[in-house]
Structure formats: C-alpha cells, structure tokens
Amino acid sequence: MNATIRHAVHDTVPPIVDDKCHTLILGSMLSPKSTAARFYYAHPQNRFWRVLAAVLDSEYVTESDERTHLALSHGIALWDVIYSCDIVGASDSTIKNVVFNDIEGLLNAHQSITRIFTTGGTAYRLLQKYNKAVANKLIECAISLPSTSPQNCKISLEELICAYSAIAKN
C-alpha cells in the first residue's frame, strides 16, 4: 500500500515567542497530529515536552497553554524551519518542495534570541540550506539535537535529556 503524499502548510500555528526569549528551538515541520492539535510536538508519544520539563527542572505538563508558559517562562521560542512542503505522513525523509519559514525575519524581530537549536538532523540540514540564502551568523552556529519523535526510538529518554541539557546552559 502506498502512503499518501500530503501538501503540508504551516500557516495555522504561529511561532511561540515573546520579547524575553533568548533561545529558539526549531523543528522541521508539524506532524499530522500536531497540525490537527494546532500545537508543537502534540503527538502523545513525542518526548519533546517530557524532555524539556526535565531539562528545565519543571513539572511535566500536558495542556497547550501550560506548555506555552513552560517554554516562554524559560526564554524559549518554538517554531519550525518549514512553512510548507510535500511529505508522506510525518516522515522527514520524504520531505520535498520545501518553502522555508522566515526565520531571519523572526530573529530580526526578536533580537534577544542568541541561541538556536534544532530537534533533529533534518531540521538542522534544512536550516543550514536556508542559511545559504540569508547568511545569518546566528543560524550558522545552530546546534543539532536528536529528534524527540517516536520514530527515533533508538535514543532513550535519558539520552535525550542529557543532549537537551545544553538548552538550560546559558
């Protein structure tokens, strides 16, 4: 059975950001579950929010407004590298026809952001491809963290927490 290619558009979920943010975490693209929930890392098996709570020594929360508060109260902004693309399900390896989000515009509007992390290799590679067009030094220095996706089951929760601890360091 062939999987259906969907044209995913990321215009329904704005970045989570405010003027106090110093760190930007970028994923590649919203999964179908996150798109349906209209929120980042909403798949119940995605470990992002569990990892972030552990790294920030905070309580694990499940509601979108609580998660937004968790990120913003620690100076963390969230967005995705991709505005739209063709993709099979949630498989990053199938991404084609990428249109990038205006990450440089976000950084210009929120100059307090001084660090960028990506949640996975695909987001990192696409971010560097985007940076070839905009030549932004901050983007050039982005750090790739392992994916928290349920598809990345080879990395334990403990290993993810260890890798993501770089976010808590100033």
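## Basis of the model

The model is predicted: local features need pLDDT of at least 70, side-chain atom pairs count only at pLDDT 80 or more, and totals for chains, interfaces and linings use all residues. Residues are numbered from 1 along each chain as its sequence is written, and side-chain values use heavy atoms, with hydrogens and water left out.

Helices (H or I, at least four residues) and strands (E, at least two) are DSSP runs, numbered from the N terminus.

## The sheet

Four strands build an open sheet. Their order is β3-β2-β6-β7, and the pairing is parallel. Two strands pair if DSSP finds at least two bridges between them. The edges are held by β3 (76-80) and β7 (143-145). Each has a single partner strand, so one side of each lacks a neighbour in the sheet. Neighbouring strands are turned by 25 degrees against each other on average, direction ignored.

Strand β2 (residues 23-27) pairs on both sides. Five bridges join β2 to β3, and the two run parallel. Here threonine 23 has isoleucine 76 of β3 as its bridge partner. Four bridges link β2 to β6 (residues 115-119), again in the parallel sense. Leucine 24 stands opposite isoleucine 116 in β6.

## Strand β3

How much of β3 is buried? Five of its five residues are buried, where buried means under 20% relative accessible area, exposed over 50%, and partly exposed in between (1.4 Å probe, protein chains only).

Both faces of β3 are covered. Ile76, Leu78 and Asp80 lie on one side. Ala77 and Trp79 lie on the other.

## Helix α2 and its surroundings

Helix α2 (residues 48-55) is largely enclosed by the rest of the structure, because six of its eight residues are buried. These are Phe48, Trp49, Val51, Leu52, Ala53 and Val55. They pack against β2, α3, β3, β6 and α7. Contact here means heavy atoms within 4.5 Å.

## Packing of α2 with α7

Helix α2 packs against helix α7 (residues 157-168) at an angle of about 55 degrees, with the axes 8 Å apart. Axes are lines fitted to C-alpha atoms, for helices over the stretch in contact, and angles run from 0 to 180 degrees between N-to-C directions. The two helices are therefore oblique to each other. Angles under 35 degrees count as roughly parallel, over 145 as roughly antiparallel, 65 to 115 as roughly perpendicular, and the rest as oblique.

The crossing of α2 past α7 is right-handed. A crossing is right-handed if the near helix is turned clockwise from the far one by less than a right angle, and left-handed if anticlockwise. From α2, the contact uses Phe48, Arg50, Val51, Ala54 and Val55. From α7, it uses Leu157, Leu160, Ile161, Tyr164, Ser165 and Ala168. By class, nine residues are nonpolar, one is polar and one is charged. Ala, Val, Leu, Ile, Met, Phe, Trp, Tyr, Cys and Pro count as nonpolar, Asp, Glu, Lys and Arg as charged, and the others, Gly among them, as polar.

Helix α7 also lies across β2, β3, β6 and β7. It runs at about 155 degrees to β6.

## Packing of α2 with α3

Helices α2 and α3 pack at about 40 degrees, with axes 11 Å apart. This pair is therefore oblique too. Here the crossing of α2 past α3 is left-handed.

Trp49, Leu52 and Ala53 of α2 meet Arg67, Leu70 and Ala71 of α3. The α2 contact with α3 has five nonpolar residues, no polar ones and one charged.

## Positive phi and exposed positions

Which residue with positive phi follows α2? Aspartate 57 does, with phi near 55 degrees. Aspartate 57 sits in the loop between α2 and α3 (64-73). At 74% relative accessibility, aspartate 57 counts as exposed.

Asparagine 97 also has a positive phi, about 55 degrees, although it is not a glycine. Asparagine 97 belongs to strand β5 (residues 96-100). Its relative accessibility of 55% makes it exposed.

Arginine 125 lies in helix α5 (residues 121-134). Arginine 125 is exposed, at 55% relative accessibility. Its C-alpha atom is separated by 22 Å from that of histidine 22, 103 residues apart along the chain.
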